[in-house]
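The points begin with one residue and then turn to the chain as a whole.

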Amino acid sequence: MQMLLALTQQLLLIPAFLQFWSSDMLAAWLALFAAGNLVIVADGGLQLRSINRFLAFKSCVDCDGRTANFYARMMRIYLRIVVVLGALLIVGTELFPPAAVLGFRGLPTFDTAMLAITVGTLLALPANLVSGLYRVHGKYGRAVWSQNVALALGQVGQLVAVAWFGSLLAVAIAYVSTQILFALFLIAYDAPRQLPFLRRGRDRSTASLSWRWRSGQFGLGFPFFIANLTELALANVPMLLVSAMVTDRVAVAQWGLVRVISSFLRGLCILITLPIGAELGHDHAIGDKVRLRRLYARGSLLVTAMASLIVAGLLPFWPDFFALWTHGSIPNDATLAITLLLGSAVVAPSLMAFVFANHSNRGDLLVRTKGLQLIAFLILSALLIPRLGPLGAAIAIVASDLLTQFGILTLVIMRQTLAHPLRHMLVLIAIMVTIMLGGSGLGLAIRAVVPGTGMLHFLVECTIWLVVVSVAASSLLIGRVRLRVLAAVPT
């Protein structure tokens with residue numbers, strides 16, 4: 001449901017917005033959306049740090065009491081983050097108007113909408129602590145479903161706002177208001193009812209928090225902060241950099257739309273790896289190297305094959321899809337799309353390594369790798385975007401991924417985990433090339449054979465492609481064949 005709602009937000013709402021907005025307005029909204037997502041880095045790695053502490057308390061005598069005390073103290077830190085950063089955002093908006101910095105001077109409500117979406121996202125940040133606590137106590141589904149309801153209501157509100165008011169500010173308010181209500185529901189109502197022992201922490205944490213204790217929490221969460229900062233930066237900062245450095249607003253809109261698809265593909269791959277990463281973390285903790293190697297190898301194979309298959313289907317049909325998606329109001333940049341989509345498939349194996357590193361206490365490796373990746377991305381962006389525009393941003397993203405997350409993190413994790421890392425990497429490359437060449441070639445052949453244009457033509461093309469691919473992959477439904485394939489994957 002989360003992925004479906006993300007798909008609705010990032011894909012299906014775009015054509016609706018273009019019914020009422022110009023490409024300039026759409027580019028402005030994509031910049032606002034990216035800025036709101038970037039505010040999440042204010043968590044500072046505290047959520048994952050808190051999850052580790054909540055898990056550790058389970059072995060203590062007074063588990064509920066210590067959990068309640070730590071929860072109350074961490075909530076006070078979250079509230080201070082909201083107050084301090086909220087004030088800084090307000091002051092920063094006054095001193096450096098976002099419309100002037102990002103090139104949207106012609107939109108009068110842009111600055112106010114930016115303030116609404118960033119401060120609103122910041123106000124919802126303390127819900128991260130409740131979500132982490134729910135995950136440890138087997139109630140994570142409540143947080144997820146509450147968030148899904150908020151996302152669905154927010155999307156309905158965005159449609160009403162764009163149709164009724166047509167302003168960026170109205171859509172931004174509709175987007176963040178449901179997130180704030182979701183956070184208030186979890187913190188003030190649901191958490192005390194689901195976990196009554198939390199009330200005990202209010203009395204125990206009345207004493208002031210020392211600077212040493214507070215800084216210690218940020219220090220222990222720093223590796224997670226760097227890793228998540230880099231992922232969020234790669235997903236959202238390019239939109240802001242392109243907006244600020246590229247004067248052509250149509251090119252900015254092109255970049256934002258193509259980046260939506262590549263970010264969605266990256267998010268889908270990470271979603272696939274998350275449950276595998278949890279299992280790998282368990283095997284790593286108990287020292288079961290045989291199962292660890294087998295599961296890691298199969299997980300890498302799965303995420304690589306899925307990413308390659310999706311990109312193989314997107315590449316040949318991308319021009320038709322983009323024209324339908326934007327109602328033909330924004331021209332397609334084929335080079336930009338190919339660069340980002342191919343880059344998303346090539347780095348897919350590195351996402352398995354990234355998730356496993358998060359679940360196996362490799363904080364030092366994460367800090368070095370993701371820190372270098374962020375630095376490399378920023379340097380390449382500063383050099384390439386002024387010269388190549390959005391294509392420079394795409395090259396910066398793909399190159400920083402390949403040089404650091406793939407070239408350092410993935411190789412280190414594979415060498416430490418697998419008995420035959422080189423053989424495994426060669427197999428992944430062969431599978432990637434085979435799937436993408438075969439799927440893309442099939443799509444191009446279908447486009448050449450099937451006549452027509454429009455939505456019906458596009459759906460027929462996609463249906464034929466899916467049927468042929470399904471038939472080709474149907475042999476994997478046979479258990480004996482599937483076991484032979486898996487056994488052939490080098491571990």
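**Notes on the model**

1. Tyrosine 175 is buried, because its relative accessible area is 8%, under the 20% cut-off. This value, like the others in this note, comes from a predicted model.

2. The whole structure contains 13 aromatic pairs. In one of them, the ring centres of tryptophan 29 and tyrosine 175 lie 6.0 Å apart and the ring planes meet at 85 degrees, so the pair is edge-to-face. Tryptophan 29 belongs to helix H2 (residues 23-38) and tyrosine 175 to helix H9 (residues 168-194); the two residues are 146 residues apart, and the pair thus links distant parts of the chain.

3. Tyrosine 175 also pairs with phenylalanine 33: their ring centres are 5.4 Å apart and their planes are at 55 degrees, so this pair is tilted. Phenylalanine 33 lies in helix H2, 142 residues from tyrosine 175 in helix H9. Phenylalanine 33 is buried, with a relative accessible area of 16%.

4. These residues are part of one aromatic cluster, formed by Phe17, Trp21, Trp29, Phe33 and Tyr175.

5. Turning to the overall fold, the protein chain has 21 helices and zero strands. Its radius of gyration is 23 Å, which agrees with the value near 23 Å for a compact globule of 491 residues. Of these residues, 51% count as buried. Among contacts between residues at least 6 apart in sequence, 82% join residues at least 24 apart.

6. What are the numbers of positive and negative side chains? The protein chain has 36 positive and 18 negative side chains, and the centres of the two sets are 11 Å apart.

Methods: Residues numbered from 1 in each chain as written. Predicted model: local features only at pLDDT ≥ 70, side-chain atom pairs only at ≥ 80, totals over all residues. Heavy atoms only, no water. Helix = DSSP H or I, 4+ residues; strand = E, 2+ residues; numbered from the N terminus. Rg over C-alpha atoms; globule rule 2.2 N^0.38 Å. Buried < 20%, exposed > 50% of the residue type's maximum accessible area, 1.4 Å probe, protein only. Contact = heavy atoms within 4.5 Å. Lys, Arg positive; Asp, Glu negative; His and termini not counted. Charge placed at Lys NZ, Arg CZ, Asp CG, Glu CD. Phe/Tyr/Trp six-rings, centres within 6.5 Å; stacked < 30°, edge-to-face > 60°.
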